[in-house]
Amino acid sequence: MSDRAADKGEGTRAVRAGLPEALKNEPTLPGPAFAAHFHLPGEVDGPYTYGRDTNPTWNLLESAIGELEAPGQDGVETLVFASGMAAISAVLFSQLRAGDTVVLPDDGYQALPLVQAQLEAYGIEVRTTPTAGEAQLDILDGARLLWIETPSNPGLDVCDIRRLVEAAHARGALVAVDNTLATPLGQRPLELGADFSVASGTKQLTGHGDVLLGYVAGREGEAMGAVRRWRKIVGAIAGPMEAWLAHRSIATLQMRVDRQNATALVLAQALRERPEVTGLRYPGLAEDPSHKIASQQMRRYGCVVSFTLPTRARADRFLDALRLVDDATSFGGVRSTAERRRRWGGDDVSEGFIRFSVGAEDPEDLVADVLRALDESTD
């Protein structure tokens with residue numbers, strides 16, 4: 001993307017991100033390149049050699065994501081992976097060795113305890129603490145890597161990325177930020193000083209619930225080189241069709257994000273008027289505990305609203321009564337979803353805790369459906 005394009009609005013940038021040079025009679029976005037190998041006579045040179053190493057469809061997507069994560073910045077590399085967990089694992093296992101220490105949130109994505117167990121099996125010390133209140137500052141000494149998830153999933157706590165990055169770097173630690181819930185249109189961790197911005201593209205980035213994808217963005221250099229080698233060794237590569245679908249979907253990212261974020265705020269405002277709803281969280285609410293810090297580092301607050309109903313039975317009845325909302329896991333899709341998170345067993349939440357992912361439906365229709373389902377689910 002040209003410097004002039006990098007200065008344009010986010011919608012324009014999303015629509016144009018990663019497009020190849022315009023050539024007469026060629027498609028504006030080439031179709032997926034299905035290739036395990038490439039013609040390679042003579043000496044090994046050129047960008048494409050073998051399908052586990054590089055692929056032209058990946059490269060366009062990587063360029064697009066890089067333009068969103070670090071618009072106008074040189075020296076930023078983006079690598080796509082088969083899933084968000086593949087991207088998370090690539091950073092952790094490429095940067096850490098036996099005897100190292102890593103700091104993880106204890107209220108983050110529910111797969112992190114599985115990651116912790118594997119890290120400890122490799123002789124890596126894992127320290128954990130909640131996201132809120134920059135509690136990770138207290139356990140940074142001697143750490144090799146700090147892992148931040150903000151807003152946290154599913155509790156929606158927020159920490160001050162700049163402050164944590166400065167403290168970690170002062171102690172010689174690298175910093176990775178899970179940017180899944182915010183998306184690059186919500187916050188840009190690299191601009192806030194982080195070494196890695198990591199995300200599941202399965203969620204709002206692609207937004208249609210039909211792609212598994214992950215990515216890592218970071219400054220070119222030794223650390224990102226290690227992430228690239230890890231991808232090559234493990235082979236956790238994105239399929240070309242998934243990469244093409246993701247790139248196609250990014251064109252509508254700003255429209256989807258703006259609609260979903262605006263509706264999430266309207267829904268949160270409606271829920272705070274309901275007496276049976278407790279523990280309501282949405283960083284966009286002025287009274288939310290995360291709002292002050294979120295407003296300093298986020299441009300948009302996300303599409304996820306969380307709240308608690310009195311009992312497991314009440315939560316189940318509420319979910320059953322919804323007509324416009326699918327009872328499904330994940331978040332960020334154009335169709336609203338909700339679930340009782342405790343059913344998975346991995347999150348430290350109550351039985352009636354609901355994670356609600358706001359879609360692109362008309363806000364008045366969605367809010368009416370939620371309020372009706374609350375009414376119908378009473379004892």
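Reader: Which residues is Phe 307 in contact with, leaving aside its neighbours within four places in sequence?

Author: In this predicted model, Phe 307 is in contact with Leu 271, Val 277, Thr 278, Gly 279, Leu 280 and Phe 318, and also with Gly 352, Phe 353, Ile 354 and Phe 356, once neighbours within four places in sequence are left aside.

Reader: And which residues touch the most other members of the largest nonpolar core?

Author: That core has 32 residues, and Phe 307 belongs to the group touching the most other members, together with Leu 271, Val 305, Phe 318, Ile 354 and Phe 356. At least two residues of this core come from each of helix H9 (253-271), strand E9 (304-308), helix H11 (312-321), strand E12 (353-357) and helix H12 (363-376). There is also a second, separate core of 26 residues, which includes Leu 104, Val 115, Trp 147 and Val 198.

Reader: Switching to Gln 136, where is it, and is it buried or exposed?

Author: Gln 136 lies in the loop between strand E3 (125-129) and strand E4 (145-149), and it is buried because its relative accessible area is 1%, under the 20% cut-off. Not counting residues up to four places away in sequence, Gln 136 touches Val 103, Leu 104, Pro 105, Thr 129, Pro 130, Leu 146, Trp 147, Ile 148 and Leu 164.

Reader: What do the buried residues of H8 pack against?

Author: The buried residues of helix H8 (residues 240-250), among them Leu 245, His 247 and Ile 250, pack against helix H2 (10-16), helix H3 (56-69) and H9.

Reader: What is the mean pLDDT of the chain?

Author: The mean is 95, with 98% of residues reaching 70 or more, although over residues 1-5 the pLDDT is below 50.

Note on methods: Residues numbered from 1 in each chain as written. Predicted model: local features only at pLDDT ≥ 70, side-chain atom pairs only at ≥ 80, totals over all residues. Heavy atoms only, no water. Core = buried A, V, L, I, M, F, W, Y, C linked by side-chain atoms within 4.5 Å. Buried < 20%, exposed > 50% of the residue type's maximum accessible area, 1.4 Å probe, protein only. Helix = DSSP H or I, 4+ residues; strand = E, 2+ residues; numbered from the N terminus. Contact = heavy atoms within 4.5 Å. pLDDT = per-residue confidence, 0-100.
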